[in-house]
Amino acid sequence: MAALDTQTSGHTCKSILVVEDEPTIRENLKMLLELEGFSVYTASNGEEGLKVLRTIPRPCLVLLDLLMPVMNGMEFMEAKSHEITIAAIPVCFVSGVAEKPDMSKAAAFVKKPIEFGGLLKFVRQYCGIPNKEAKNP
Amino acid sequence: MSNSNDDKEPKNSEKPLDVPHKRRFIFTDTDAEDLFLSIMNTARDPLVILDEELRVRIGNISFYKNFHVNPAETDGRLIFDIGNGQWNISKLRSLLEEILPTKKTFDDFEVDHEFQEIGRKVMLLNARQVVGPAPVSEKLILLAIEDVTEKTAAIERARRLANIVQFSDDAIISKTKNGVITTWNEGAEAIFGYTKSEAIGKSIEMLDAPETKGETMRIINRIIGGEVVHNFETKRIRKDGRIIEVSVSISPIKDTAGNVIGASKIARDITVVKQLERQRDQALKAREELIAVVSHELKNPLTTITSSVDLAKRVLPLEKGPEKAQKLLDNIYVAAHRMARITSDLLDVSKFESGHFPLELATVEAITLIEEVITLSLPLALDKAIRIEKHIAEEIGDIVCDRDRMVQALLNLLNNAIKFTGEGGVIGVDVYRVNDQIRFQIKDTGCGIPAEQLPHVFERFWQAKHKQYLGSGLGLYITKSIVETHGGKVGVESRDGEGSTFYFTLPVSNKAITTAPATKAA
């Protein structure tokens, strides 16, 4: 849960909160984003996610799984919207749900299995980092 | 042949026949004959008087009218000869020639005869052998013919109807305004278990199930109030206490003045149908749930596999990692993605087949749609150095669709085309208008599809017979389902060895529903 200040890419450090109950996916997302130079905080359910959000410096994005024990993603969204200090932090759903979720309060929806290239493009865009490596001509 | 020497009298004349009153038939006294003729012509049933040799002496107006003959054709002729021998009826012959001479009279003999010109007639015959007035005192035969054709037909119809009612598998019951059962057919016996004698005279309320108490009388009151109850599904109780599900239709029975005096009910036992429906719904739901759970549960481990491989490739220094390791990781990555594709395809198919396939409709520019799909396919095409040639007509128009689903449908076609086109090949993407339709067409330069396979390519689990291109066999089926859900049509043209052209058409949108979210591709 600690913020690791890896500045491998050299740009200003931006932080991201990953809320995901599956430990391996949580760890992989953390590793990927850290490789890209982000500070990554993690939580294993919505309740824990809220606790972390209240204590850490404002992250530029929350990656949120929807189906989780204790407090699911939609409940997290509802609770977050009532806390003025964190309500405005953008959230991207990352889920394998079959039905497209209610997107009214979400910035984006990334389907599982996650396609890293697409996810990174979106994260960089949201965190104000230019997508320098344009893969496709 | 026409026996008529007198063509003043058309046979089927609508006007009353001019019966020649002036001729003397039986009576010497004119007044007596006039009176007699008046009596004859006042009778509504056909009457005819024959002489001893069974020749027609005279008929009344009703006789001529009913049997479409006239005096000129009949008078003085043998009854069996008149109207081209139409009256040569064996039963009539035996009545007149055998029974009458001995018994002098016969009553209510039914004769059913098919007349050539007037069709089938059912007649009740009465006859009397009499002696005419003096001084001649000849023997005469009075023959009264009652036409009961209509009456017999009505009775027959009623009997048939009664049979249908009696032996119907549906319960057909009638009851008074107060709910007293007045008729009860075999269907009712079978469905409710009460015999006719057990049911008639009882209250219809005995059929109310505990949970529908009072319902039968409420329905009767609604009928009296002028309502119609049609295919109302409810529960009733049988004599043996078993609760059954029935579909009932109830209509009023009215008297001739139009007052409701009761109600007739048709009830069908739908217990088994309902059970089967519930089983089917449960099975469909269970299957849907199973597929949803399985595919969702598969997604997490798949995400772990693909993201781990992705990460491994990123952290593995190329110079240190042997090419073989990279290749193995690629294999894992491709296989995991294929599994992911199949689970999500299966989930889609389960949605189509359960009919639960919601569309998020928006107005979308056809051109942005195809551009997005081409952008998404580009990496795959570049890997095989395939050139995509676009031919997109200008001002092509908008379509109303679920953008994500339509991208999926087009991507299936374009990725298929790339899969089946060789290295360095060409794929044509054409979008153009055909009247009020937009046609999306993707032409590959692959191996083509044999003619006998063409009708099956959009079926579930159809796969091209090339081992190296394994898929779920659901892609084209999904494309077809998506397109058809949008009111479009899919098609394919192909020549074995010369590539294939897959296409679909969608109606051009006339009005914008909402603005499509600006999903930027790449």
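Modeller: Chain A has 4 helices and 5 strands. Helices (H or I, at least four residues) and strands (E, at least two) are DSSP runs, numbered from the N terminus. Read from that end, the order of the elements is β-α-β-α-β-α-β-β-α.

The model is predicted, so local features need pLDDT of at least 70 and side-chain atom pairs count only at pLDDT 80 or more, while totals for chains, interfaces and linings use all residues. Residues are numbered from 1 along each chain as its sequence is written, chains are lettered from A and ligands numbered from 1 in the order in which they are written, and side-chain values use heavy atoms, with hydrogens and water left out.

Chain A is 137 residues long, and 52% of them count as buried. Buried means under 20% relative accessible area, exposed means over 50%, and partly exposed is in between (1.4 Å probe, protein chains only). A contact means heavy atoms within 4.5 Å. Among the contacts in chain A with a separation of 6 or more, 64% come from residues 24 or more positions apart.

Next, the cysteines. A disulfide is a covalent bond between the sulfur atoms of two cysteines; the rule used here asks for a pair of those atoms within 2.5 Å. Over all chains, the structure holds 1 disulfide. A:C60 and A:C127 form the link, with an S to S distance of 2.4 Å. This link is right-handed, with 75° about the S-S bond. A:C60 sits in the loop between α2 (46-55) and β3 (61-64) of chain A, and A:C127 in the segment after α4 of chain A, so the pair ties together parts that are 67 residues apart in sequence. Both ends are hidden by the rule above: A:C60 is buried at a relative accessible area of 17%, and A:C127 is buried at 2%. In chain B, the cysteine B:C401 is buried at 0%, whereas B:C447 is partly exposed at 28%.

What remains is the side of chain A that touches chain B. Here 22 residues of chain A are in contact with 23 residues of chain B. The size of an interface is often given as the accessible area lost when the parts come together. That buried area (1.4 Å probe) is summed over both parts. For chain A and chain B the value is about 2100 Å², with 59% of it on carbon and sulfur atoms. Polar contacts join 6 residue pairs between the two chains, both residues at pLDDT 80 or more. A polar contact is a pair of N or O atoms within 3.5 Å; within protein, one must be able to donate a hydrogen and the other to accept it, and residues adjacent in sequence count only if both atoms are side-chain atoms.

Two helices of chain A, α1 (23-35) and α4 (116-126), each supply at least two residues to this side. The most comes from α1(A), with 6 residues. By type, the residues on this side are 12 nonpolar, 5 polar and 5 charged. Ala, Val, Leu, Ile, Met, Phe, Trp, Tyr, Cys and Pro count as nonpolar, Asp, Glu, Lys and Arg as charged, and the others, Gly among them, as polar.

How values were computed: Buried area = accessible area lost by both parts, 1.4 Å probe.
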